Amino acid sequence: MKRYFITGLLIWVPLGITFWVLNLIIGSMDQSLLLLPQHWRPDAWLGVHIPGLGTILTLLVIFLTGLITANIIGQRLLQFWEALLGRIPVVKSIYYSVKQVSDTLFSGNGEAFRKVLLVRYPHPQAWSLAFQTNIPSDVARSLDGEYVGVFIPTTPSPVNGFYFFVKKSETVELTLSVDMALKYIVSMGVVSSPDKHPLAAQAKK
């Protein structure tokens with residue numbers, strides 16, 4: 001009986017979490033409908049709430065924004081907008097910091113999260129998965145030797161973690177992809193790879 005119950009849990013828990021996450025995302029994106037005038041909202045002229053219409057609207061706005069800014073006129077409008085935000089002290093710091101991070105992660109031109117490393121954390125006898133990031137030039141000049149910036153995510157939430165500067169010679173570069181490393185972290189190591197011992201083999205080098 002216990003075996004059947006656990007089997008049922010293994011089926012329903014992933015499904016339940018998946019639907020919960022999707023409902024959270026769709027529900028958040030549906031809030032974009034609140035930007036429309038009351039008489040334009042689908043609830044007003046359909047008489048019933050249909051989940052997902054706000055998601056379609058959000059995706060459409062994102063697509064149209066990218067389409068508009070792809071031409072010369074759109075680029076000039078974007079430059080004007082950024083220049084306007086650049087004149088507001090607090091907003092300027094927040095906007096440009098977030099923009100730099102998003103450009104690095106989504107444009108594919110940056111070096112952040114391009115390598116998966118092993119670093120000794122939280123003590124010299126332990127290894128932790130880490131992602132190589134950039135190191136500020138003023139920090140690099142203050143350190144003796146070659147250092148790299150690393151982000152060590154926490155389990156099972158990889159959006160939180162620690163940002164360190166460590167000697168490059170004291171890290172182990174893995175051939176592991178970023179996606180696979182994230183799966184290891186989120187699953188707390190439960191997810192297996194085709195190579196059953198990829199980390200141990202490389203850590204011994």
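The model is predicted, so local features are reported only at pLDDT of at least 70 and side-chain atom pairs only at pLDDT 80 or more, while totals for chains, interfaces and linings use all residues. Residues are numbered from 1 along each chain as its sequence is written, and side-chain values use heavy atoms, with hydrogens and water left out.

**Overall fold**

- The protein has eight helices and five strands, where helices (H or I, at least four residues) and strands (E, at least two) are DSSP runs numbered from the N terminus.
- Read from the N terminus on, the elements follow the order α-α-α-α-α-β-β-α-β-β-β-α-α.
- Of the 205 residues in the protein, 21% are buried, a term that means under 20% relative accessible area, with exposed meaning over 50% and partly exposed in between (1.4 Å probe, protein chains only).
- Among contacts (heavy atoms within 4.5 Å) between residues at least 6 apart in sequence, 38% join residues at least 24 apart.

**Helices α1 and α3**

- Helix α1 (residues 2-30) packs with helix α3 (residues 53-69) at an angle of about 70 degrees, and their axes are 7 Å apart; the axes are lines fitted to C-alpha atoms, for helices over the stretch in contact, and angles run from 0 to 180 degrees between N-to-C directions.
- The two helices α1 and α3 are therefore roughly perpendicular to each other, given that 65 to 115 degrees counts as roughly perpendicular, under 35 as roughly parallel, over 145 as roughly antiparallel and the rest as oblique.
- On the α1 side, Ile26, Met29 and Asp30 meet Leu53, Gly54, Thr55, Thr58 and Leu59 of α3.
- By class, this contact of α1 with α3 has four nonpolar, three polar and one charged residues; Ala, Val, Leu, Ile, Met, Phe, Trp, Tyr, Cys and Pro count as nonpolar, Asp, Glu, Lys and Arg as charged, and the others, Gly among them, as polar.

**Ser32**

- Ser32 lies in the loop between α1 and α2 (42-46) and is buried, with a relative accessible area of 16%.
- Leaving aside residues up to four places away in sequence, Ser32 touches Gly54, Leu57 and Thr58.
- Ser32 and Ile56 are 24 residues apart in sequence, and their C-alpha atoms are 9.7 Å apart in space.

**The cis peptide bond and the aromatic cluster**

- Tyr121 and Pro122 are joined by a cis peptide bond with omega about 5 degrees, and Pro122 is found in the loop between β1 (116-120) and β2 (127-133).
- Most peptide bonds are trans.
- There are four aromatic pairs, counted when rings of Phe, Tyr and Trp (its six-membered ring) have centres within 6.5 Å, with planes under 30 degrees apart called stacked, over 60 edge-to-face and the rest tilted.
- The rings of Tyr121 and Phe164 have centres 5.4 Å apart and planes at 45 degrees, so this pair is tilted.
- This pair links distant parts of the chain, 43 residues apart, with Tyr121 in the loop between β1 and β2 and Phe164 in strand β4 (residues 161-167).
- The rings of Phe162 and Phe164 have centres 6.1 Å apart and planes at 20 degrees, so that pair is stacked.
- Ring pairs link Tyr121, Phe162 and Phe164 into a cluster, in which Tyr121 is partly exposed at 24% relative accessible area, Phe164 is partly exposed at 30% and Phe162 is partly exposed at 37%.
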